[in-house]
Amino acid sequence: MEQTRVALVTGAGRGIGAGIARRLAADGFDLALVDLTEESVADTAADVRAVGRNAITIAADVSDRDAVFAATGRALGELGRLDVVVNNAGIAMVGQVTDATPEALDRLWRINVNGVVWGIQAAADAFRRQAAGSDEPLVRKIINASSIAGHDGFPMLGPYSATKFAVRGLTQAAARELAADQITVNAYCPGVVGTDMWVEIDQAFADLTGAAVGETYDKFVGGIALGRAQTPEDVAAYVSYLASPDSDYMTGQAGLIDGGLVFR
């Protein structure tokens, strides 16, 4: 009998992370749901269980390496295996490069970049331990959150763009390093998603530039070829592919899923 596959998703309490968790549950995965508090992922866990899948909730700060390794270890111990790790957690930062402060840069980098490094390390460790002594011919997956801002440096989003460019570099390097272990490493690059993060970005643009609330969001959406903002479900559909056997021969890529805003 084929075993149920298990995925761990960070930042699973809302937005894209919650959408990814719900889609993977619909695909038949059991889920380890990670966020800053267990309460913040309670609703996502309820959605996962409502479709008949198992879910555990884990509180962890992804900028803390020990916490990330503990979360991965708990997922492996309680759910019995681990097949996919989605390093989704991240924050935005709006402002000119010339105005960036050491404190803000440090926090942004610790979460968006260090958090991905720790997630890659913890996933690779768990995957290698499972592979030892097993003859299961299974490709395991690490999936990282980049962004359209990891392909283009956007004004007022310079430091954020830098972190997402860094995720692309980490994805490529880790893909080369882990290929011999039958571990693929890919990234997804969303555009303008109608989530709380974009509400915060729009408000920050309004505060810093004097633009009306909603104006920045509408301007970005107006540049999308498909004519609408994307949803967490749009992003989750692509992550579903990256988590599936259909993508077993794909590694080191950072695919744009943005409705046609940035073209490469």
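## Handedness first

A crossing of two helices is right-handed if the near helix is turned clockwise from the far one by less than a right angle, and left-handed if it is turned anticlockwise. Keep that in mind for the helix pairs below. The structure is a predicted model.

Two packed helices are described by the angle between their axes and the distance between the axes. Each pair below gets both values.

## Helices α1 and α2

Helix α1 covers residues 15-26, and helix α2 covers residues 42-50. Their axes are 9 Å apart. The packing angle is about 15°. Angles under 35 degrees count as roughly parallel, and α1 and α2 are therefore roughly parallel to each other. Their crossing is right-handed.

Which residues of α1 meet α2? They are Ala-18, Ala-21, Arg-22 and Ala-25. On the α2 side, the partners are Thr-44, Asp-47 and Val-48. By type, the contact of α1 with α2 has 4 nonpolar, 1 polar and 2 charged residues.

## Helices α1 and α8

Helix α1 also packs against α8. The axes of α1 and α8 come within 8 Å. They cross at roughly 50°. Are α1 and α8 parallel or oblique to each other? At that angle they are oblique. The crossing of α1 past α8 is right-handed.

From α1, the contact uses Gly-15, Ile-16, Gly-19, Ile-20, Arg-22, Arg-23 and Leu-24. From α8, it uses Pro-232, Glu-233, Val-235, Ala-236, Ala-237, Val-239, Ser-240 and Ala-243. The contact of α1 with α8 divides into 9 nonpolar, 3 polar and 3 charged residues. Look for Arg-22 in the model. This residue of α1 meets α2, and Arg-22 takes part in the contact with α8.

## Helices α3 and α4

Helix α3 runs over residues 65-79, and helix α4 over residues 102-131. Their axes lie 9 Å apart, at an angle of about 35°. This crossing is right-handed.

Helix α3 brings Arg-65, Val-68, Phe-69, Thr-72 and Leu-76. Helix α4 answers with Trp-118, Gly-119, Gln-121, Ala-122, Asp-125, Ala-126, Arg-129 and Gln-130. The contact of α3 with α4 holds 6 nonpolar, 4 polar and 3 charged residues.

## The annotated residue Tyr-160

Which residue does the UniProt annotation "active site" cover? It covers Tyr-160, and the annotation comes from an unreviewed entry. Such annotations may be inferred rather than shown by experiment. Tyr-160 sits in helix α5, which spans residues 158-178.

Is Tyr-160 buried or exposed? Its relative accessibility is 10%. Buried means under 20%, so Tyr-160 counts as buried. Leaving out residues up to four places away in sequence, Tyr-160 touches Ile-91, Ala-92, Met-93, Leu-108, Asn-112, Ser-147, Ala-149 and Met-197.

## Loops on either side of α5

Pro-155 is in the loop between β5 (140-145) and α5. At 64% relative accessibility, Pro-155 counts as exposed, because exposed means over 50%. Pro-155 and Gln-96 are 59 residues apart along the chain, yet their C-alpha atoms are separated by 7.0 Å. Met-156 has its place in the loop between β5 and α5 too. With 16% relative accessibility, Met-156 counts as buried. Its phi is near 70°, which is a positive value in a residue other than glycine.

Where is Gln-182? Its place is the loop between α5 and β6 (183-190). Gln-182 is not a glycine, but its phi is positive, at about 60°. Its relative accessibility is 46%, so Gln-182 counts as partly exposed.

Thr-184 belongs to strand β6. Its relative accessibility is 6%, so this residue is buried. Beyond its neighbours within four places in sequence, Thr-184 contacts Val-139, Arg-140, Lys-141, Ile-142, Asp-248, Met-250 and Thr-251.

Ile-224 is in the loop between α7 (215-222) and α8 (232-243). It is buried as well, with a relative accessible area of 5%. Not counting residues up to four places away in sequence, Ile-224 touches Val-192, Ala-229, Asp-258, Gly-259, Gly-260 and Leu-261. Ile-224 and Gly-259 are 35 residues apart along the chain. Their C-alpha atoms are separated by 5.9 Å.

Technical notes. Residues are numbered from 1 along each chain as its sequence is written. This is a predicted model: local features need pLDDT of at least 70, side-chain atom pairs count only at pLDDT 80 or more; totals for chains, interfaces and linings use all residues. Side-chain values use heavy atoms; hydrogens and water are left out. Helices (H or I, at least four residues) and strands (E, at least two) are DSSP runs, numbered from the N terminus. Buried means under 20% relative accessible area, exposed over 50%, partly exposed in between (1.4 Å probe, protein chains only). Contact means heavy atoms within 4.5 Å. Axes are lines fitted to C-alpha atoms, for helices over the stretch in contact, and angles run from 0 to 180 degrees between N-to-C directions. Angles under 35 degrees count as roughly parallel, over 145 as roughly antiparallel, 65 to 115 as roughly perpendicular and the rest as oblique. Ala, Val, Leu, Ile, Met, Phe, Trp, Tyr, Cys and Pro count as nonpolar, Asp, Glu, Lys and Arg as charged, and the others, Gly among them, as polar.
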